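User: Hi! Could you help me look over a model I have open?
Analyst: Happy to, let's have a look together.
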Amino acid sequence: MRLPAILPPSRKTRPPFAAVTAFGALTAVVVSSGGAAQNPGFAEPRSPGGPTTFRRLDEAQYKRSIAQIFGADIKVPGRFEPPVRDEGLLAIGSSKVIVTPSGIEQSAVRAREISAEVLSEAKRNRYVSCQLTASFDSPCASQFLDKYGRLLFRRPLSAQERSAALALSRNITQTSGSFAKGLAAGLSSLLVSPAFIFRVEQAEPDPVDKGRERLDSWSLASRISFLLWNAPPDAELLDAAANGSLHSQAGLEKQVDRLLASPKLEDGVRAFFSDMLGFDQFDGLSKDSAIFPIFNPRLRDDAKEQSLRTITHHLLTNNADYRELFTTRETFLSRSLGALYGVPVKARAINGWMPYTFPEGSPHAGLLTFPGFLLLDPSHEGRSSPTIRGKTVREKFLCQTVPNPPANVNFRIVQDTANPQFKTARERLSAHNESPACAGCHRITDPIGLALENYDAVGTYRTHENGALIDPSGKFDGKPYSNAMELTRLLHDSPSVPSCVVQRTFEYGTGRQSVPGEGPWLEALSQRFTADGYRYKALLRRVATSPAFQAVALPAPIAPKRVALLNRQP
């Protein structure tokens with residue numbers, strides 16, 4: 001597969017699965033670690049695997065972990081350090097974050113307060129079966145710390161971790177005269193541990209495919225659970241990791257199918273698309289209220305929720321073709337969105353939302369015409385930006401990176417919306433793009449963004465700007481369109497769109513950018529996605545049950561000369 005010729009060369013700008021051979025040439029059959037072929041009759045290319053990762057839990061994952069393990073009523077206090085986006089995903093950036101002294105302090109505060117609440121007199125009977133007196137009860141403490149340590153660390157405690165937590169519990173019990181305070185201290189030490197705050201993956205030799213490595217069963221359980229639920233493994237999945245069945249194909253598929261059948265799958269799908277579409281930008285998003293009086297925090301929040309409700313309803317409830325997210329007229333409306341669209345919303349809408357289908361001929365159909373996409377331009381509070389919108393489509397839906405503009409670019413003409421010579425964005429951009437330094441990138445972003453100029457910076461439909469008729473026509477991959485509806489149909493039909501979501505799903509699940517050697521497997525996975533009718537649940541299943549999802553690349557050997565230098569005594 002190749003990028004359109006208009007894309008300039010770049011180290012990061014590459015099509016999904018670049019330089020991959022044709023699918024018909026991919027004939028190697030990979031046998032899973034359990035010894036059974038994952039997809040009978042399907043030739044799955046061998047994947048070299050990639051490195052293990054070390055990822056910090058984000059705020060949602062931390063809170064979901066506490067709710068799943070201790071209950072939804074346990075409060076999670078304090079501030080969380082901001083996430084980092086890398087290679088287009090927060091899931092990749094989570095392995096490259098730093099922990100500041102303030103972040104460590106906040107983690108300690110959270111650990112103490114959560115532990116105190118869990119072991120409070122009102123709630124301790126949920127978690128501790130023995131009587132909490134003034135004396136230290138070693139068997140009871142061991143049972144408590146082993147149970148919740150396994151759930152928090154997503155694996156059993158090591159002997160050293162267990163001994164340290166028990167010793168702390170014993171010491172605090174003796175100094176305070178309260179076994180409850182001792183247990184709280186032991187639990188707090190687990191909650192502040194990097195083994196909980198970070199998802200630390202471990203590899204082991206593959207017993208079937210000699211000379212190769214795979215994730216150990218605990219790391220595989222976490223990788224599957226966070227992909228599908230955006231939450232830690234539950235007790236049943238951890239049991240499957242403990243008894244070894246997770247490394248058999250039958251056991252792996254049983255657990256994946258169980259997770260896919262759970263209502264928690266919606267949490268996982270919402271988390272993935274929030275990351276892929278950059279919905280973290282909604283935090284603190286604002287627009288000029290003098291220009292857009294309809295905009296307010298409620299509309300901002302509802303715009304994000306509309307997109308996520310539409311995505312999950314389409315992909316999970318309807319189990320429909322992923323590509324139709326670009327053309328579907330089915331969505332959900334709240335009162336604030338009803339005001340934006342000019343559609344009355346029933347007073348008794350369920351939880352403030354009602355299903356709605358835009359009529360044929362409406363200019364609203366698909367994600368690109370929703371305010372959840374059109375609002376996301378934090379740098380422009382008073383106008384729309386065709387360049388940024390086009391860049392967003394290229395990067396988020398097509399996996400094509402657009403270079404940043406040079407530092408010395410003059411944006412004066414583009415930003416001057418009151419200039420009577422250049423009334424529309426198309427006219428302003430045409431004048432701006434007279435510079436050769438700007439024209440190259442604008443050729444790949446602006447046609448897409450200009451097709452969406454009928455929607456202002458908050459998503460309201462318009463036909464004119466400054467009294468001049470808006471021209472939304474253009475070309476995508478050499479094919480002409482006259483308006484946004486025709487553009488979204490071309491995106492629906494573009495092979496880059498499904499290939500991109502395949503790549504992003506795999507990278508989100510593994511927490512790293514795909515490596516070149518994984519290209520043939522990703523290309524084959526894309527072909528299976530096509531054969532499955534572009535059903536996203538089927539894609540998730542193929543990713544989670546594939547040997548490629550648990551394959552680990554061996555570290556490159558150190559050259560003999562380098563070893564000699566390392567071993568040299570000072």
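User: Let's start with N230. Where does N230 lie?
Analyst: Keep in mind that this is a predicted model. N230 lies in the loop between α8 (217-229) and α9 (235-242).
User: Is N230 buried or exposed?
Analyst: N230 counts as buried, because its relative accessibility is 3%, and the cut-off for buried is under 20%.
User: Which residues is N230 in contact with, leaving aside neighbours within four places in sequence?
Analyst: With those set aside, N230 has contacts with A60, Q61, R64, S225, D267, G268, A271 and Y508.
User: What separates the C-alpha atoms of P403 and K391?
Analyst: Their C-alpha atoms are 9.2 Å from each other, and the two residues are 12 apart along the chain.
User: New topic: what is the strand order in the open sheet of three strands?
Analyst: The order is β3-β4-β11, and the pairing is antiparallel.
User: How many bridges join β4 to β11?
Analyst: Two bridges join β4 (residues 213-215) to β11, and these strands run antiparallel.
User: Which residue in β11 is the bridge partner of R214?
Analyst: That would be A551.

Note on methods
Residues numbered from 1 in each chain as written. Predicted model: local features only at pLDDT ≥ 70, side-chain atom pairs only at ≥ 80, totals over all residues. Heavy atoms only, no water. Helix = DSSP H or I, 4+ residues; strand = E, 2+ residues; numbered from the N terminus. Buried < 20%, exposed > 50% of the residue type's maximum accessible area, 1.4 Å probe, protein only. Contact = heavy atoms within 4.5 Å. Pairing = 2+ DSSP bridges.
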